[in-house]
Amino acid sequence: MKETPWWKRAVIYQVYPRSFADSNGDGVGDLPGVIAHLDYLQTLGIDAIWLSPVYCSPQYDNGYDISDYRGIDPLFGTMEDMERLIAEAGRRGIRIVMDLVLNHSSDEHPWFLSAKSDRESPYHDYYIWRDAVQAEDGPDSFGRASWKWVPEIGQYCYYQFSEKQPDLNWANPALRRELYDMIRWWADKGLGGFRLDVVDHLGKDPELGVKVKGPRLHEFIREMRREAFVRPDLMTVGEAWSATPEEAKRYSDPAGSELSMVFGFDHMKLDQAPGGDKWSLAPLDFVALKRSFAHWQQTLYGRGWNSLFWENHDLPRSVSRFGNDGRYRAESAKLLAIALHGMCGTPFIYQGEELGMTDPDYVLEDFRDIEACNMLRDHRAQGWSEERLLTALRARARDNGRTPMQWNATVNAGFTDGEPWVRLCPNYTEVNAASQLGQPDSVLACYRTLIRLRKEIPVLTDGDFELLLEEDARIFAYRRRDGRSELLVLCNFSDETVTNPIGPELWPGDKSCRLLVSSYPEAAHPASGPEACLPQYLRPWEARMLLKQNQEPDRKK
Ligand code: GLC
């Protein structure tokens, strides 16, 4: 039988290095800062770190605009620091997953400098050019037009993100070979895998007006799998905003011809107005959220693999978006953790999520992100009021998740001795790692428990998924079974106390029932027995994860 790959039992932690920990007082987080906190991550129990880009970059998009794929930006440290990070993490059983931004480079990359200076340059064809553009060419992903006039060469250049990020021409085999060489070179440093930025854009075809899911997309991914991801233990996860569950199945086919898994974003689109973009806010459609999770879970079960996440560096904080970041901050942060970590797939935790970090109270001047700045300029021009702009940015801007990591209650949350590159979230005096370490009822302790359970309880990795109470407007409940045990996850996504709707027909009383974890204090004292498992009421934002053994006695006692 084929061995289960490590990443199916793993929990991965995303580090956004610029906001994680600053070691040299320049106000920007760096690699020595990550190394200094490896013990914290080891205690948390994670298996791998996904490191957002640390390559050389002019930093217009915080490193997602790369000017040297084989160099470390001095802002973050040196190649020696990077190698030390891989080694030090490895010593603690933690793998490093690097971010690959292959859809575009920086316009300051030597390839682009050569490409725009000479049509005969071999690098000219590394990018996508036109002599004239048509009126119907749509906007880029950050809201602008997607062809830029390059006067040096007298042509328009194609880009999908910012003007500083010209698209690479994947139709050119020489470019693809060069990228695959680079990936192998990194893998040889002992990496655990790669996260592929906007992977669904690689097969774009500007002539056809196609940005995502282009005609050659899967051909390119399969080629990259063969040529670049040569080590069979590499974990690969592609960012694919456009993926449906059916497409995710193809990307993550267990035969292994493409990727380990993708990040799908359907669950991030259910609180925006239909047909609108991310700035058109609407109340969350909770029933649709549950159905979306169920659809992904069931489509991929046994036929692909899910990633599980609420947060990353492009999203607002989950407790502010899906929970209650005021009175029930800790309870709802734990509930979100339990709701997510009970499902089938590989959970990803974004730095600070394990503390229940919230969105900050920014005013318009505080936003730094290129996307937020473009949005402000364009929507102001369209006549949006200052109030409407602020509401939209506070709800959706990527800056929300990029405030410095809250290590402790000292100045700048222990993130830097200098002037932080971006304003902190003011609640760090209360919400921080130091105050939660050693606290059994903390959000942090809940994450530690969930990570440990994933290693101990096979049904978390192997069980199927059944959504219960599909129409309930407040309760998210599901059951997982693997033939030997059954898991029930029950979450009250509301500020009210509700009658527990799970009766004996859904979860027959059973002596073997154990409460594994909950979002209320008794989490620290796992109880057993049917009454302890299923209370009559669920308190606000109460979540419970229960386990029952079917045939065999529980070997883990
Ligand atoms: C991805 C990254 C995001 C970046 C964009 C362009 O969506 O996660 O941060 O701006 O790609 O590279």
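Start with the shell around the ligand: four residues are nonpolar, three polar and seven charged. Here nonpolar means Ala, Val, Leu, Ile, Met, Phe, Trp, Tyr, Cys and Pro, charged means Asp, Glu, Lys and Arg, and the others, Gly among them, are polar.

A word on the source. The model is predicted, so local features need pLDDT of at least 70 and side-chain atom pairs pLDDT 80 or more, while totals for chains, interfaces and linings use all residues. Numbering runs from 1 along each chain as its sequence is written, and side-chain values use heavy atoms, without hydrogens and water.

Which residues come nearest to the ligand? They are D61, D197, E239, H313 and D314, out of 14 around it. Being near means having a heavy atom within 4 Å.

Now the polar contacts, pairs of N or O atoms within 3.5 Å. D197 has a side-chain N or O atom 2.8 Å from a ligand oxygen. For R398, a polar side-chain atom sits 2.9 Å from a ligand oxygen. For R195, that distance is 3.0 Å. How much of the ligand does the protein bury? The answer is 97% of the 310 Å² that the ligand exposes taken alone, by the Shrake-Rupley method with a 1.4 Å probe.

Last, the rings. W310 and F322 form a tilted pair, with centres 4.9 Å apart and planes at 40°. Rings pair with centres within 6.5 Å; under 30 degrees is stacked, over 60 edge-to-face, the rest tilted.

Conventions. A polar contact is a pair of N or O atoms within 3.5 Å; within protein, one must be able to donate a hydrogen and the other to accept it, and residues adjacent in sequence count only if both atoms are side-chain atoms. Rings of Phe, Tyr and Trp (its six-membered ring) pair if their centres lie within 6.5 Å; planes under 30 degrees apart count as stacked, over 60 as edge-to-face and the rest as tilted.
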